[in-house]
Amino acid sequence: MVPRSAAGRGNERDEVSVQYFEDLAVGQKFGTPTVSVDAAAIVGFAREFDPQPFHLDEAAAARSHFGALCASGWHTAAMFMRHFVEAERREADALAARGEAVAKDGPSPGIRDLRWVKPVYVGDTISFAREVKELRETPQRPGWGLMIALNTGTNQNGELVISFLGAKFAERRKG
């Protein structure tokens with residue numbers, strides 16, 4: 001898996017939700033740089049976490065319903081998480097370097113409606129995105145609000161490969 005810069009790639013942005021709850025808006029979109037998926041990464045993840053033949057062996061994968069070596073859906077979800085966490089860290093570092101306040105990263109109470117829509121094959125380049133769908137007040141958690149977002153991964157052909165709704169607490173501004 002090889003991260004690529006999003007510079008000059010249209011709507012792709014290395015901008016994520018390291019924002020205070022009050023700064024978020026329904027419909028707001030965030031993205032990460034693209035990632036290219038290689039055979040070594042697919043097999044390495046599968047050996048440790050999802051040892052099915054079509055994730056481990058090119059010949060077995062060719063005989064499977066997938067027709068070629070492809071990433072585990074869990075691998076695709078893990079790539080999403082890694083690239084959003086790394087992008088959030090870069091954004092937080094940039095804000096701090098400019099002397100701007102950085103919201104604390106809140107926990108996630110979970111995800112729902114996880115869909116592995118299309119396989120991710122060797123050589124695919126995936127763009128990950130998040131769109132804020134709902135913002136909720138959380139009286140039971142003073143200092144925090146809840147963001148519900150549609151999280152997606154799209155391949156180089158514009159085809160959706162993964163989608164899920166995720167929830168994440170966002171720090172509220174003090175005062």
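Me: How many helices and strands does the protein have?
Reply: This is a predicted model: local features need pLDDT of at least 70, side-chain atom pairs count only at pLDDT 80 or more, and totals for chains, interfaces and linings use all residues. Residues are numbered from 1 along each chain as its sequence is written, and side-chain values use heavy atoms, without hydrogens and water. Helices (H or I, at least four residues) and strands (E, at least two) are DSSP runs, numbered from the N terminus. The count is four helices and seven strands.

Me: In what order do the elements run?
Reply: Start at the N terminus and read on. The order is β-β-β-α-α-α-α-β-β-β-β.

Me: What share of the residues counts as buried?
Reply: Buried means under 20% relative accessible area, exposed means over 50%, and partly exposed lies in between (1.4 Å probe, protein chains only). Of the protein's 175 residues, the buried share is 44%.

Me: What share of the contacts with a separation of 6 or more joins residues 24 or more positions apart?
Reply: A contact means heavy atoms within 4.5 Å. Among contacts with a separation of 6 or more, the share from residues 24 or more positions apart is 67%.

Me: How are helices α1 and α4 oriented to each other?
Reply: Two packed helices are described by the angle between their axes and the distance between the axes. Axes are lines fitted to C-alpha atoms, for helices over the stretch in contact, and angles run from 0 to 180 degrees between N-to-C directions. Helix α1 (residues 39-49) and helix α4 (residues 73-97) have axes 10 Å apart, at about 110°. Angles under 35 degrees count as roughly parallel, over 145 as roughly antiparallel, 65 to 115 as roughly perpendicular and the rest as oblique, so α1 and α4 are roughly perpendicular.

Me: Which residues of α4 do A41, I42 and F45 in α1 meet?
Reply: The contact of α1 with α4 has five nonpolar residues, one polar and no charged. Ala, Val, Leu, Ile, Met, Phe, Trp, Tyr, Cys and Pro count as nonpolar, Asp, Glu, Lys and Arg as charged, and the others, Gly among them, as polar. On the α4 side, the residues are W74, H75 and A78.

Me: Which residues have the most contacts inside the largest nonpolar core?
Reply: A nonpolar core is a set of buried Ala, Val, Leu, Ile, Met, Phe, Trp, Tyr and Cys residues joined through side-chain atoms within 4.5 Å. The largest one has 25 residues. Elements giving two or more residues to this core are α1, α4, β5 (125-137), β6 (144-154) and β7 (160-171). The residues with the most contacts inside the core are V37, V120, I126, F128 and I162.

Me: Is R115 buried, partly exposed or exposed?
Reply: R115 lies in strand β4 (residues 110-116). Beyond its neighbours within four places in sequence, R115 is in contact with V161, I162 and S163. Its relative accessibility is 47%, so R115 counts as partly exposed.

Me: What is the phi of D113?
Reply: D113 also lies in strand β4. Most residues other than glycine have a negative phi. D113 is not glycine, yet its phi is positive, near 55°.

Me: How far apart are the C-alpha atoms of S108 and K168?
Reply: S108 sits in the loop between α4 and β4. Not counting residues up to four places away in sequence, S108 touches A167 and K168. S108 and K168 are 60 residues apart along the chain, but their C-alpha atoms are separated by 4.2 Å.
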